[in-house]
Amino acid sequence: QQQQLSALLCAAAWLAARTLAPSCVACRPQKATRNTCRASWTKSGLQARGKANASSRPPRSPDGSNQEVINFCANNYLGLSNHPVLVEEAKKYLDSHGLGLSSVRFICGTQDIHRQLERKIAAFHGTPDCILYPSCFDANAGIFEALLTPDDVVISDALNHASLIDGIRLCKAKRERYDHLDLGHLERLLANAGSARIRMIVTDGVFSMDGDIAPLKEICDLADKYDAIVMVDECHATGFLGHTGRGTPEHCGVMDRVDIVNSTLGKALGGATGGYTAASAEVVQMLKNKSRPYLFSNAVAPSLVGAYLHVFDMLQGGTPLLAQLRANTDLFRSKMKAAGFKLGGLTHPIVPVMIGDAKLATDMADALLTRGIYVIGFSFP
């Protein structure tokens, strides 16, 4: 039976991934209890299954062999991570701007191209300004402590990314959490926060394990009603969600109503490193003066900045990659459902395949690798 399941998944995956493969999470089991966490992982057969890749260039096997595989577990939504034009752009900027700057931004770590990229990102999101970080984890870690005080309240979706949770823990604002996508619960918390100086609603645009898309229009409606500001983490949306790839705000028709956008350059936009906050000039100026990850981390490498400049030129000019990704996602979801699999999410390229058993998911991922499909089984914790 397991061989039949893996064969079905392999066939469907091959159809969907001939050009661009949607990301796939192989398992999301029920939450474990404390006692099950104490159990021996060796006895249960559970262990971390990350594999070492010999090269970023597909389609070689992650074990270093010459087996050709299709990667179904990367965030390489648009196939740009090894795009030959971007690789050449990075090489060009290595020659012109060097390997790195050996400095943080505010000392001598800002080159002309860093400000060029920040302006391009701000224009892409329709915000007045932007600030670059080494990663979006850094952007999320540095924003709340810099902007919020004990007189403020931050209201966060219960399934927000770990980087948002960690960033919120660093600030002194009152912290509230609303049930996942529960607008009624969010409204009750907003109503109870009337005395706060700032009410900040924080949500992932797309939730990375489930493929759920936040109802940003309704969230912005509540923000207007209760005079709150909206911050969205767009890591799994920037570059490909929405008609022109401008993410969840565009998808939901609220680009002019979201106050702060945090996102990454390390997924759909090229897959290396880098993150940013796009917001008002006042917010960005505050972050440049108070955000610790910005103040105490080296600047993004010039070669990557040069490649990202070209990525945003591609997106601004329109690209057929968006339509290709949507077609692949629709095909994969339809074939998997026809094969009898339970899937998470609705339309997003994150396609959780709900196996329901952690060991079976891991064993299934191993079996799929022998059939040319590279995917990792996810399980709690």
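Helices here are DSSP runs of H or I with at least four residues, strands are runs of E with at least two, and both are numbered from the N terminus. This is a predicted model, where local features need pLDDT of at least 70, side-chain atom pairs count only at pLDDT 80 or more, and totals for chains, interfaces and linings use all residues. Residues are numbered from 1 along each chain as its sequence is written, and side-chain values use heavy atoms, with hydrogens and water left out.

View A. Buried residues of α13 include Pro302, Tyr308, Phe312 and Leu315 (buried means under 20% relative accessible area, exposed over 50%, partly exposed in between, with a 1.4 Å probe and protein chains only). The buried residues of α13 pack against α4 and α5, with contact meaning heavy atoms within 4.5 Å.

View B. The structure holds four aromatic pairs; rings of Phe, Tyr and Trp (its six-membered ring) pair if their centres lie within 6.5 Å, and planes under 30 degrees apart count as stacked, over 60 as edge-to-face and the rest as tilted. Phe72 and Phe332 make a tilted one, 5.2 Å centre to centre with 50° between the planes. Phe72 lies in the loop between β2 (70-71) and α4 (84-97) and Phe332 in α14 (residues 321-338), so the pair ties together parts 260 residues apart in sequence. Phe72 is buried at 2% relative accessible area, and Phe332 is buried at 0%.

**View C. Phe124 meets Phe312.** These ring centres are 5.3 Å apart with planes at 75°, so the pair is edge-to-face. Phe124 belongs to α5 (residues 112-125) and Phe312 to α13 (residues 302-316), which puts the partners 188 residues apart. Phe124 is buried at 0% relative accessible area, and Phe312 is buried at 1%.

**View D. Helix α6 crosses helix α11.** The axes of α6 (residues 136-147) and α11 (residues 281-290) come within 9 Å and cross at roughly 100°; axes are lines fitted to C-alpha atoms, for helices over the stretch in contact, and angles run from 0 to 180 degrees between N-to-C directions. The two helices are therefore roughly perpendicular (65 to 115 degrees; under 35 is roughly parallel, over 145 roughly antiparallel, the rest oblique). Gly142, Ile143, Ala146 and Leu147 in α6 meet Val283, Met286, Leu287 and Lys290 in α11.
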